[in-house]
Amino acid sequence: MPKLFDVYMQAIKEGAEHGVTSADIRICLAHILKYSTQIEVLLHKDEQFDECYQPVFSHYLKQLEMGVPVEYVINEATFLGHKLYVDNTVLIPRMETEELVANISERILDYYDPRNYLVCADIGTGSGCIAIALKALFPNWVMLASDLSLSSLSIAKKNAEANGTKITFYDGPSLTPYIQNNIALDIIVSNPPYITDLSRVQSSVKNHEPSNALYLDPAHSVYEDVFRDIGKVKKNSLLVCLEIDDNLVDYLNGLMDKFLTPNYRYKKEYLKDLNGFVRFLFLFLE
Ligand SMILES: C[S@@+](CC[C@H](N)C(=O)[O-])C[C@H]1O[C@@H](n2cnc3c(N)ncnc32)[C@H](O)[C@@H]1O
């Protein structure tokens, strides 16, 4: 029986020519061996690697060599400590979106008493990551989540259950499910499809992640839908927290001038992510 370290080193050697990283190999080995972190692969390096694991490890390596993101290979992603099932029908949750949730939890006191019974909707929930993390942080909030994609919704439902969070899910575009169900909201949060510049998209994303989660469709932009219909779901006030691309600032300002300025008093704030890019729009309507 080979040692774990030898199996690991052999995989690094074979994977290198296909651009497979040692971190991804450790993630796969850790997943197979049920370690909680990839570093444990190194801590257990002198142990034997049971041959019964070899077929699944070879299968994982083949997928990595084809450029499949490691989260899809092991069907697992982590979001703010929550383990989520993911496959290629949902977007892999990103670090920037973790920052979106962190920004909400840091800034919520500027707008509301978070101990209150607040109704929050996550539009375009995908894997359910935002709604699950927010519900875990603020258990007294009523958490609603929606998506156009039925396969995303079934994954989000399973993830919510697996993480012990109570979320009510709706299918339908943008604000439509909330309008149809006469639901008034205190908070809207969304990481909608926002890519407009395909040249900035890595090939592993382009080839493997769902296009309906990635690209902004100017004819059916979630941003435009939300700004246009906001009056139909707004309670006394409404906080809107959006993830955006930095090249959308003019477009979003134009939408707010058109749909919000004539009708509401509102305060807007663009926030940067940790990489220094404008990444979030927080909007508070009174
Ligand atoms: C960028 S992904 C975000 C997924 C998840 N919230 C996250 O942050 O990882 C966008 C999601 O919005 C959904 N979507 C796209 N257009 C939509 C629309 N008009 N209404 C509701 N959901 C939409 C897609 O199916 C996809 O799940």
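Student: Where is the place of Val 222?
Tutor: Val 222 lies in helix H12, residues 222-229. Helices here are DSSP runs of H or I with at least four residues, strands are E runs of at least two, and both are numbered from the N terminus. This is a predicted model: local features need pLDDT of at least 70, side-chain atom pairs count only at pLDDT 80 or more, and totals for chains, interfaces and linings use all residues. Residues are numbered from 1 along each chain as its sequence is written.

Student: And is Val 222 buried or exposed?
Tutor: Val 222 is buried, because 21 other C-beta atoms lie within 10 Å. Buried takes 20 or more such atoms within 10 Å, exposed 12 or fewer, and partly exposed is in between, with C-beta atoms placed from the backbone.

Student: Which residues is Val 222 in contact with, leaving aside neighbours within four places in sequence?
Tutor: Those are Ile 123, Gly 124, Ser 174, Ser 190 and Pro 192. Contact means that C-beta atoms, placed from the backbone, lie within 7 Å.

Student: New topic: what's the order of the strands in the open sheet?
Tutor: Its seven strands run S5-S4-S3-S6-S7-S9-S8, with mixed pairing. Two strands pair if DSSP finds at least two bridges between them.

Student: Which strands stand at the edges?
Tutor: S5 (168-171) and S8 (266-272) do; each has a single partner strand, so one side of each is left without a neighbour in the sheet.

Student: In what sense do S3 and S4 pair?
Tutor: S3 (residues 119-123) and S4 (residues 142-147) are parallel, over five bridges. Within that pair, Val 119 has Val 142 as its bridge partner in S4.

Conventions
Contact = placed C-beta atoms within 7 Å.
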